[in-house]
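Visitor: I am new to this structure. Please show it to me, and then I will ask about its parts.

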Amino acid sequence: MRKAFGAEFDVPDGYLNTASIGIPPAHVARAVAESVRRWGSGLDGPGDFEPAVATARAAFARLIGTTADRVALGTTASQLVGLVAASVPDGTRVLVAEGDFTSVLFPFAAQQDRGVKVTEVELGEIAAHAADHDVVAVSVVQSSDGRIVDLEALRAVAETTSTRVLLDATQAAGWLPLQLDWADWVVSAAYKWLMAPRGAAWLAIHPDAPEIRPHSANWYAGEDPWTTTYGLPLRLAGDARALDLSPTWFSQVGAAVSLEWLAGLDMAEVAAHCTGLADEFRAGIGLPPAGSPIVSVQVADAVPKLTEAGVACAKRAGRARLAFHLYNTRADVEKAVRALGGTSGVSVS
């Protein structure tokens, strides 16, 4: 067991794959296991999961700098991006980052029969071209290589033009200090840096954002879900909950514990830890610092070399991708550097 930021983790040495799957604190895994046990014994009803749903929603809001009444509940980032994409007017001009994660791109590209036009530019050019488009949709942190979009420049565009901004914080929330209450829409999935089970995601909506059609309207999106289970008329909640999906229970149980814990941490300290390790690794293989916990490595046979050395990583965009989270240590850095034949000044006890 490893200890980090006041929690214990059952993380194997060399686990550098958080950008694919985050490993939960041990107390989060225990909470989910206990919930599964109760389910197996018939001890819970649907209403018993409501505290977890509310706790996770509120904690997510704190992590991105907004309030719970602005947050809708979903299951995946793409499903929530899809709600926005399906609601933009015909002919909307959408700007995206070249090579961004397709869960951000595809929902808008799928609207092309309505005249929605999606234009790709290099990530660093997003802010410069944003004012010429109706919507900017971009990941805060690029999944493939860890590059971070210029949030301050995008905020300036959002505050001075009519351009709407959608941010996917899936690779950012949980390690990067965020204050995203200015964006029109912010989505994030839970199973990476937030270290919760897959099946929980959230959409934060600015009060002045264009209205989203509730294409997935369901009983749980009602003002009081327990009285909207049958019959018309349509009677949805008066806030962002009108876009809720019925929750995936065990995912919400894990998210409630993990996100509540994360929301109590100093995220600047978490970011310094994660990016510090990543930059030490970069130095060890001859790369300059980048200030991101995700590192993309173009070394011949990098993935087989890392895997053989016991380093868990991923192959993305033809390169090895490593990700350093709060449970990682300098020993993980040294292990990965040695696997790639680099040199490091990291002292490992």
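Visitor: How many salt bridges does the structure hold?
Guide: This is a predicted model, in which local features need pLDDT of at least 70, side-chain atom pairs count only at pLDDT 80 or more, and totals for chains, interfaces and linings use all residues. Residues are numbered from 1 along each chain as its sequence is written, and side-chain values use heavy atoms, with hydrogens and water left out. A salt bridge is a side-chain nitrogen of Lys or Arg within 4 Å of a carboxyl oxygen of Asp or Glu. The number of salt bridges is 16.

Visitor: Which side chain does R147 meet in a salt bridge?
Guide: R147 is in the loop between strand 6 and helix 6, and its partner is in the loop between strand 5 and helix 5 (126-130), 25 residues apart. Helices (H or I, at least four residues) and strands (E, at least two) are DSSP runs, numbered from the N terminus. The distance from N to O is 2.7 Å, and the partner is E122.

Visitor: Which residue in strand 6 is the bridge partner of V94?
Guide: Strand 4 (residues 93-97) and strand 6 (residues 135-139) run parallel and are joined by three bridges. The bridge partner of V94 is V135.

Visitor: Why is helix 3 roughly parallel to helix 4?
Guide: Angles under 35 degrees count as roughly parallel, over 145 as roughly antiparallel, 65 to 115 as roughly perpendicular and the rest as oblique. The axes of helix 3 and helix 4 (residues 102-109) come within 8 Å and cross at roughly 30 degrees. Helix 3 is therefore counted, relative to helix 4, as roughly parallel.

Visitor: Which residues of helix 8 meet helix 10?
Guide: The axes of helix 8 (residues 267-284) and helix 10 (residues 330-339) come within 9 Å and cross at roughly 25 degrees. On the helix 10 side the contact has R330, V333, A336 and V337. On the helix 8 side it has L277, E280, F281 and G284.

Visitor: What is the order of the open sheet of three strands?
Guide: The pairing in this sheet is antiparallel. Strand 10 (294-297) and strand 11 (314-316) stand at the edges with a single partner strand each, so one side of each has no neighbour in the sheet. Neighbouring strands are turned by 35 degrees against each other on average, direction ignored. The order is 10-12-11.

Visitor: Which residue in strand 12 stands opposite A314?
Guide: Strand 11 and strand 12 (residues 319-323) pair in the antiparallel sense over three bridges. Opposite A314 stands R321.

Terms used. Pairing = 2+ DSSP bridges. Axes fitted to C-alpha atoms, helices over the stretch in contact; angles between N-to-C directions. Contact = heavy atoms within 4.5 Å.
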